[in-house]
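Dear colleague,

Please find the sequence and the structure below. My notes on selected features follow them.

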Amino acid sequence: MAGQAQEQMETYYPHGEIEVKWQKHWETRKTDKVVEDDTKPKYYVLEMFPYPSGPLHMGHVRVYSIGDALARFFRMKGCNVLHPMGYDAFGLPAENAAIKHDTMPDEWTQRCIGIMKGQQKRLGLSYDWDREVWTCREDYYRWNQFIFLEFHKRGLVERRTSAVNWCDKCQTVLANEQVVNGNCWRHEDTPVRIKQMPQWYLKITDYAEELLSSLDTLTDWPEGVKAQQRNWIGRSEGAMVNFKLVDRETGEAGEDFPIFTTRPDTLWGVTYMVMAPEHPKVMELVEGTEQEETVKQFVDRICLEDRHLRTAEDREKEGMFTGRYAINPLTGGKIPIYIANFVLMEYGTGCIMSVPAHDQRDFEFAKKYDIPIKVVIQPKDEELDADQMAAAFVEIGVMVNSGPFNGVPSDKGIPKVIEYLAEKGFGSGTVQYRLRDWLISRQRYWGTPIPFVWCETCGPQPVPSDHLPVVLPRNVKFGEGNPLATDAEWLKCVCPKCGKPARRETDTMDTFFDSSWYFLRYCDAQNDKLPFAKAAADYWMDVDQYIGGIEHAILHLLYARFFTKALRDCGLTSASEPFQRLLAQGMVTNKAVDPKDGKEKWLKMSKSLHNGVDPQEIIEKYGADTARMYILFASPPTKELPWNDDSIEGRYRFLNRIWRYFHMRKEAILQGMELVEKRFKMTYDEAAEGDRVLLRQTHATIQRITHDLAERQQFNTAISAIDELLNAVGKYKERDDDASAAAVYTAMRTILLTLAPFAPHLAEELWEMLGNTESIFQEAWPEYDEQWLTVETITIVAQHNGKVRARIEVPADADQETIQQLAVEHEAIHRSLEGRAPKKVIVVPGKLVNVVG
C-alpha cells in the first residue's frame, strides 16, 4: 500500500497538502518581512488595496497574482522588495450591510476582512503582513485626522456651502447611489430634495497646474489614463468677466456676477446667461418670487440626474427663466438669467454667458425658448442673418457688431478683448480648470470623524493633534439622521481655545481620503508618532509598480497624486509622485445574458449576472498554483480575460507534467546538479549538437522571461517560454555522460527557477526535493550566457507567388544572394515553378523569401 501511495504522489501533484505546508513555512519564518537596506536596490510593488465586501472574486485573483509574480521575481533578482497589503475598510456599503444585518459596521467589516485575508493567504501571496493596515482602525484614521489638520494649517481646507441630496424622513444626506427614481432608497415614498449645506472641501485646485504638468513625467503610465486625467483637470485659458446682477429693488446694477469664457471675442453677442441648477446662488436669486417653487422643483429634479447624461450632446436642452437679469459690462444691456440642465458647477464659476449665434448648444436652447440671437462673428465669404441661421457659426471669422473691434479676425480678437476688459476694469485674463475642489464631507457614520469642534464663542476650532484620534462612538442609532448626532455624550466636548462647552463636528470624511495616502503608511506602518517617518518614505517611495483597475484612472489616482504633493509641501515626504509605473489590468469576463438586450455575451463577472467563478472552488480542485498560472497565462495583463474551463485544465496538466518529470528523472537531475556544483564546464564549441540545442533554448528562455517580467510585464508569454523549454527537454535525447547530465540539470533548474514567481508552492517543493535547504526564493534569478545564444541556422518561410511552399534552414549569417539561391533550389519551390525561370526573388531578412514568377 505504501508503494501505491508513493506512485500516486509521483503521478499527481498533491497541491492541497503541499500548498498548506509551504504557506505555513512562509508564515512561520516571515520570509516576506522586509526592512530598509541601503545595500540593495529597493523595489516597491503594490496592488490597490481592496474594499472588504466578502470573498475574493476572480478580478482580485488576477491583480494579486500579477503583483505577487513581480514581487517574487524582483526578490530573486536581488532587490529589497516591499509588497504590503491592507483593507480600504470604511464606506457606505458596510454601513448599509450592518443596518440590514442588525450589527455594527466594525463587526461586519472585521468578518469580511477575515474571509478575504484567509483566501489571500490560501493563494500563497507573499505579503509583509507586519505592515498590514485597516483604514477603519484608530491607528490609521488618527493619521487621517492629523493630515487633515496639517492641510488646514496650509490653507488647503475650506468650509463652504454646496448642494446635497437630502431625505426629510432620514434627516440625512444621501449618496447618488442611494437615490432611486428620485426617492430615498430606504423610504421609497419620500422624494429626495436638493439642499444647500455647509461642507468641508480640500483645495485640490491649488495643485491643478502641477497635477497637469507633471503628467508628462509619468512615462510608464498608460497614455489613456493620462489623457483621462488631463481631461478631468481641464485647463482652459480665457477671461473672467464681471457682469453685474440687476438689483431686484432698484433695477440698477448691483453685486458682481462673474463668468468665465474662452470666447471673449463673442461678448457683444451674449443674449442670455445660464446657471448650473446646483449653483448655491440659484435659490437665493428667486427667494420670495413667483418663480421660487417652480425653480426649486426644477433644481431638485435636474440635480438628481446623472451628470454625464445631462451634458450629453444628444440630450435635450432643458431650462427655465429665473426672473432675474445681469448687465453686460461691454454693452450695458440687460441679460436674462436662466438655469439649465447642460451647465454644471464644474465649469468656470458655475454660470456661463450664452452666445447662440456662435455656440451650437446655446443655439439649440435659444431656439427652444425663443431667445434672441445676435451675430457678432461673420464668415469671410458670406453674411449671416440671425433669423435664417439653421445652426451656430463656430468657425474663425471677422468680428462685427462688436464696438471698437469690428473688422478684427475673431482669433486675433481674443487677446485684444482681454486686454480691453482689463483696461476698463471689466475683467481680466485667467486660466480656469474643470477640476473642482474636493468635497470630503459625508453625513454618515462609517468613516473618519472630521477633527473639528463647534464653539458658540470661538466658532469652528481644530482638535489639537495631541487629542487625536477623535474616536467613532458605538452608542449611535441608525435611520434617525446622521448617526454621529444621535450620541449625546460623544457630541459634548470642550473648546480647545476658550475652554467653554462645545459640540463635535458630525461629518465624516470621504473614503477616498483613506486611500489617498495608504501607500505611504505602508512604508512605516507601526509608527505611533507620525503617519510615517520621512526617512522611511524617502527610502521606499515612489511605488515602483502600482497595479489596479482602469475604473480608478481618474479619482483615486488623481487624489493620490494630490496628497503626495501636498504632503511633500508639509515636509513629510520628498516624493512628488506616488506611482512610477502603472499597470491597469483588464476585466475577467464570462458568458452571461445581457439584461439590456437579452443576448448572451462575454460580460464582466458579477453576482447579479450569475456568471462568476468562485476562486475557492478553483483552489480546492486544482490548487492555488494552477489558479495563479491560469489567470496570468490566459491573456496579456491589460487585456480582457475570457474565462475558459478547458484552459485551466491545461494549466493543471502542465504543472502535473513538471511534477512527474522531476520525480521520474530525479536521479539524472541530481547527477547533473552534482556536476554543476563541482563547477563542471562546457563551452559552446565543445558541446554536442543536441546539448547546444537544449542549452540554447535554456538561455534564450532566461533572456525572454527576464525581459517579459522586468520590462514588458507580459506574463502569458513568459509562461509560454517555460512550456517551450519543457517541450525541448522532452525532445532531448539523453546520453550516459557528464555533458548530457549537466545540460538536463541546467534546463530543469531553469524551469524551476523561472516557474517560481508563478507557481511558488510547486517550485518550493521540487527545490526541496533536490536537497536544497534554503527557500528557492533565496536563490538568485538565473543569468543567461551569451555564448549559448549563438544561432548557426534559422528557419524562414519560402513562398512562391505569395503562397507558402516550404520552410527552409539557412545559415544565420547568410547574405541575400545565398538565401535567394537556397530558395530557388529548394525542391518544393523548384516543383512549383514548373521549369519557369523566376522573375525576381524577394527576401525579408530573418522571416521569409518569396520567389515570383
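Lys-30 counts as partly exposed because its relative accessibility is 46% (buried means under 20% relative accessible area, exposed over 50%, partly exposed in between, with a 1.4 Å probe and protein chains only). Lys-30 is not a glycine, yet its phi is positive, near 50 degrees. The residue is found in the loop between helix H2 (15-29) and strand S1 (42-47); helices (H or I, at least four residues) and strands (E, at least two) are DSSP runs, numbered from the N terminus.

The model is predicted: local features need pLDDT of at least 70 and side-chain atom pairs count only at pLDDT 80 or more, while totals for chains, interfaces and linings use all residues. Residues are numbered from 1 along each chain as its sequence is written, and side-chain values use heavy atoms, with hydrogens and water left out.

Asp-102 also has a positive phi, of about 55 degrees, although it is not a glycine. Its place is in the loop between helix H4 (92-100) and helix H5 (105-122). With a relative accessible area of 73%, Asp-102 is exposed.

Two cis peptide bonds should be noted. One runs from Leu-468 to Pro-469, with omega near 0 degrees, and Pro-469 lies in the loop between strand S22 (459-462) and helix H14 (488-491). Another joins Met-541 and Asp-542, with omega about 0 degrees; Asp-542 lies in the loop between helix H17 (534-540) and strand S26 (545-549).

Glu-318 is located in the loop between helix H11 (307-310) and strand S13 (319-327). Its relative accessible area is 19%, so Glu-318 is buried. The side chain of Glu-318 makes a polar contact with the side chain of Arg-301, at 2.6 Å (a pair of N or O atoms within 3.5 Å; within protein, one must be able to donate a hydrogen and the other to accept it, and residues adjacent in sequence count only if both atoms are side-chain atoms). Leaving aside neighbours within four places in sequence, the residues in contact with Glu-318 include Phe-298, Ile-339 and Phe-365, where contact means heavy atoms within 4.5 Å.

Phe-365 belongs to helix H12 (residues 360-368), in which Asp-362, Phe-363, Phe-365 and Ala-366 are buried. These buried residues pack against strand S12 (272-275), S13, strand S14 (334-340) and strand S15 (351-354). Asp-370, with a positive phi near 55 degrees, follows H12.

Finally, I turn to a pair of packed helices. The axes of helix H24 (residues 715-731) and helix H25 (residues 738-755) come within 10 Å and cross at roughly 160 degrees (axes are lines fitted to C-alpha atoms, for helices over the stretch in contact, and angles run from 0 to 180 degrees between N-to-C directions). H24 is therefore roughly antiparallel to H25 (angles under 35 degrees count as roughly parallel, over 145 as roughly antiparallel, 65 to 115 as roughly perpendicular and the rest as oblique). The contact involves Ile-722, Leu-725, Leu-726 and Val-729 of H24, with Ala-747, Met-748, Thr-750, Ile-751, Thr-754 and Leu-755 of H25.

Yours sincerely
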